[in-house]
Amino acid sequence: MFDYYLRLALRRCRQNLPMVGLLVLTMAIGIAATMTAMTIFGALAGEPLPGISSHLYVATMDAREAVDKDNPDYKQPDSLLKFSDAKALVDAHHAMQQVAVAASLTQFARPDGKRSEKAYGLMAYGPVLQVLGVPLRHGRSWTEAEQASAAPVVVIDTEVAQKLFGTENAVGRSVTLGRRDFRVIGVSAPWNPRVRMFDVRQNQGTVMGQKEMFLVPAQAALDAGVGPLLAGECGKDAPVASFQSAAVAQCRWIETWVRLDTPATVATYDRFLAGYANTQHDAGRFVYPPQAKLVGTQAWLALNHVVPDDVHLNLLLAGGFLLLCLVNVAGLLAARFLRRQGDVAIRRALGASRRTVFVQHLVETGLLGLIGGVLALPLTWLGLWIVRMQPVSYADAAKFSPGVFGVLFALSLIVGLLVGILPAWRVCRLPPALQIKLG
Amino acid sequence: MPIRPILSTLHKHKLTATLLTLQVAFTCAIVCNVVFMVAQRVQRISVSTGIAESELSAIHSRGIEKGENPQARHTADLAALRAIPGVQSVAAVSYALPLDQSESSSGICPSKEALDRAMQRNSIDGSGCMEPAIYDGTPGLVGTLGLHLVAGRDFLPDEYVSKGKPAVAIITRALAQKMYPGQAALGKDMYDGDNFIRVVGIVDTLLRPAPRQPGTADDSMIFPQLPDHASATYVLRSAPGDRLRVLKAAEAALLKASPNRIIDPKQMETYSQIRAEYFQRDTTMIGLLIASALGLLFVTALGIAGLANFWVQQRTRSIGIRRAIGATRSDILHYFQAENFLIVTAGVVLGVLLAIGLNLLLMTHYELPRLPLWYLPVGALALWVLGQLAVLSPALRASNVPPVVATRSV
């Protein structure tokens, strides 16, 4: 019966082409607008590190050590800590896993000076690969002993390895960072959080996650004269730390992230953190009440407005647009179906049940929906292209991925059926006798 | 025009009429809010900076020569820039210009007592102290930017300092009114925690480099402080049409004066470009919002026209009968117009309620103020006009149905 309905539907579509065109195009525009907004939203709204970041929390506190008369208020949680505090938190081992990280940008050179490459990466204290789930291709991560002795070791990603050494497996090679030679002990796969999650306060306006091309023990990097990308907050009387300086002993520049799997451990760690901060405050180091707090990744991103409100607004707008298109199409379909009451009357009089009439009409609208979906495909592509052309920070998220096809197919089918329900129900409800009379 | 027959016809087409009403309601709700958001953003991007925007351009230079005296460098550079034909005046600033994003702000109090209050409360809120953006620059900055002095004077040559804090400042009128409400700020001594700084001039408007917090956008203060870094931004004033040429000439002149510097082509811009960059996101969003509002209206118009077409076709015979028993063409035309008016009116009534609801929802999630009520009647009017325009062609077709149709079977 289904293919018969399908043939019927196709035949009817050919009967009133302008009207069918209008129906299909309206659905296509609505679907395309929604797909464009959903693609961008989907790329930005999820977890920065799928499966991992939902267990990660960042430690925040008011760790200022001098009275700041310009800005005594502590309105927003602050994640920047002095290296010594971050180290103390990591070394306390109160969480399942913990790491302190800060973004860095530095020049990588082969010791023979033949090739060099500028790379973004993370300076870390703690088992950064394990905590963040950075996939390792070759070699290993650094050990506690290497970290404690500030051994010059580094993990680079395959792209840097390829560019410097022409091979992915660069384990054992030497590379110059700052003033010293570092030994490559591991090579990771190219890796980046989906949206920015480190140093968000200093990077307002950037949305997409930074590709981290190297991971290096923080102390070893500092010893070699390689500092964090941003000096963070330095004390007012501290010697001015210039751009990418390694003289950051007076500054708060590193963040501490911990992994906690259950609400109970989160609560425990929160208490530990508050205890640590209050001790520092009582000892007179932190001049303000520290208000220490553990903030989950998603909450942290929301707090710092990493994903711009515009993205949510676009999704809302596109949803409204689709809704309107649906109502529009449903109205036109109702009129279209009711004009054919005569045909339905004859079918009903010949014994078709209400259900079959209903199904027949739904098949027709489902078909229209799918045709709309096919039309929406190039329109979605166009929409994403337009967004990519815009100089907005999330332009990179507007990529056409294979997953889009699946969602688009499902959405157009749902749209087709949804708009058909009311009109089809209306047309199958009239009693056969009345319909013949009307015809 | 009797309404009863129209109502009874609509009663027979309950479903389609309801759907059309809903569509009008949704359109009304969404378009009212979208237009409001566009108005908000247009207001934001048309903020006045207080400077002669159309005549300014800026070029950033970073010296890389070791041991160079930055101030000597700046003086030589300024002389070279001044010699460019078409340049009316030029000044150097460390980095800050209105809307160029890099802002330095500093706490400042109207008096020593106000500072004590702020320290006591551990907050500057309510203490009378403010946090204005700080501008510095070489002599001639006020004139080069084209700032409008409403009281006092520009800095005197001996007031400029290169290191340490200056003793005088020029502040904006907005800042003056907040610091010294009801008093004349000119000549007052502000306190920054270490020194007193006297207000010697008040300018009408000078926007911050990065106005983020609402209500503080115009709190700025100029110090007679010479830029003291190897990197500086030179502000050039010239005729508006001359700016691109002047920028090119400035780059050449700077490189001639000293080749040991980096001039980033991205930081070599007319002020109009700086402004456009700052509001990039807003302009993009405005375009998107307008496009979607037009799209919504277009889809609704299509829906109204499409449905009216159907109804005209369906009722051709009844129209013929009405014409045969004496209805004029304009009777038929008015019938369809009145029908559309009724449906749109119902939709608008519902839509106004939805618009208010949607606005309340948006207010809780985004920084959006309350929708001014006058948007609603304007929105309603727009939809009435749209409805009448959309229904016009089908209604005219209906009015052209000849009476003879009544005698045929359709």
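What percentage of the 439 residues of chain A count as buried? In this predicted model, the answer is 46%.

Chain A contains 14 helices and 12 strands. Its radius of gyration is 30 Å, well over the 22 Å that the globule rule gives for 439 residues, so chain A is more spread out than a compact globule. You can see this in its outline as well: along the principal axes, the C-alpha atoms fill a box of roughly 95 × 55 × 35 Å. The chain also brings together parts that are separated in sequence. Taking contacts between residues at least 6 apart in sequence, 76% join residues at least 24 apart.

In chain A, domain 1 is made of two stretches, 2-47 and 309-438, while domain 2 covers 62-291. Between the centres of these two domains, taken over C-alpha atoms, there are 50 Å. Where the two domains of chain A touch, domain 1 gives seven residues and domain 2 gives six. On the domain 1 side, the touching residues comprise four nonpolar, two polar and one charged.

Now let us move to a spot inside domain 1 of chain A. A376(A) sits in helix α12 of chain A, which spans residues 354-389. Is A376(A) buried or exposed? A376(A) has 28 other C-beta atoms within 10 Å, and because 20 or more are enough to count as buried, this residue is buried. The C-alpha atoms of A376(A) and L25(A) are separated by 8.3 Å, although the two residues are 351 residues apart along the chain. Beyond its neighbours within four places in sequence, A376(A) is in contact with A28(A), I31(A), A32(A), M35(A), L408(A) and S412(A).

An unreviewed UniProt entry places the feature "domain: ABC3 transporter permease C-terminal" at residues 317-432 of chain A. In the model, that span is 82% helix and 0% strand, with 43 Å between its end C-alpha atoms.

Elsewhere in chain A, a loop residue is worth a stop. H93(A) lies in the loop between α3 (83-92) and β3 (97-109) of chain A. It is not a glycine, yet its phi is positive, at about 55°. H93(A) is exposed, with 10 other C-beta atoms within 10 Å.

For chain B, an unreviewed UniProt entry lists "domain: ABC3 transporter permease C-terminal" at residues 293-403. That span is 84% helix and 0% strand, and its end C-alpha atoms are 41 Å apart.

The UniProt record, again unreviewed, also lists "transmembrane region" for chain B at residues 20-39, 285-308, 341-362 and 374-396. Among them, residues 285-308 are 100% helix, with end C-alpha atoms 34 Å apart. Residues 341-362 are likewise 100% helix, and here the end C-alpha atoms lie 30 Å apart.

Chain B has its own loop residue with a positive phi. L99(B), in the loop between β2 (87-93) and α4 of chain B, has a phi near 65° although it is a residue other than glycine. L99(B) is buried, with 21 other C-beta atoms within 10 Å.

How do the two chains meet? In the model, 34 residues of chain B are in contact with 32 residues of chain A. On the chain B side, the elements that give two or more residues are α2 (14-45) and α9 (280-314). The largest share, 16 residues, comes from α9(B). By type, the chain B side divides into 16 nonpolar, 16 polar and two charged residues.

Finally, a word on confidence. Chain B has a mean pLDDT of 89, and 98% of its residues reach 70 or more. Within chain B, confidence is lowest in helix α4 (residues 112-121), at a mean of 78, and highest in strand β5 (residues 168-172), at 95. The model as a whole scores ipTM 0.76 and pTM 0.78.

Terms used:
Residues numbered from 1 in each chain as written. Chains lettered and ligands numbered in written order. Predicted model: local features only at pLDDT ≥ 70, side-chain atom pairs only at ≥ 80, totals over all residues. UniProt positions renumbered as here; feature names shortened; annotations may be inferred. Helix = DSSP H or I, 4+ residues; strand = E, 2+ residues; numbered from the N terminus. Nonpolar A, V, L, I, M, F, W, Y, C, P; charged D, E, K, R; others polar. Domains from an automatic or database assignment. Rg over C-alpha atoms; globule rule 2.2 N^0.38 Å. Buried ≥ 20, exposed ≤ 12 C-beta atoms within 10 Å, placed from the backbone. pLDDT = per-residue confidence, 0-100.
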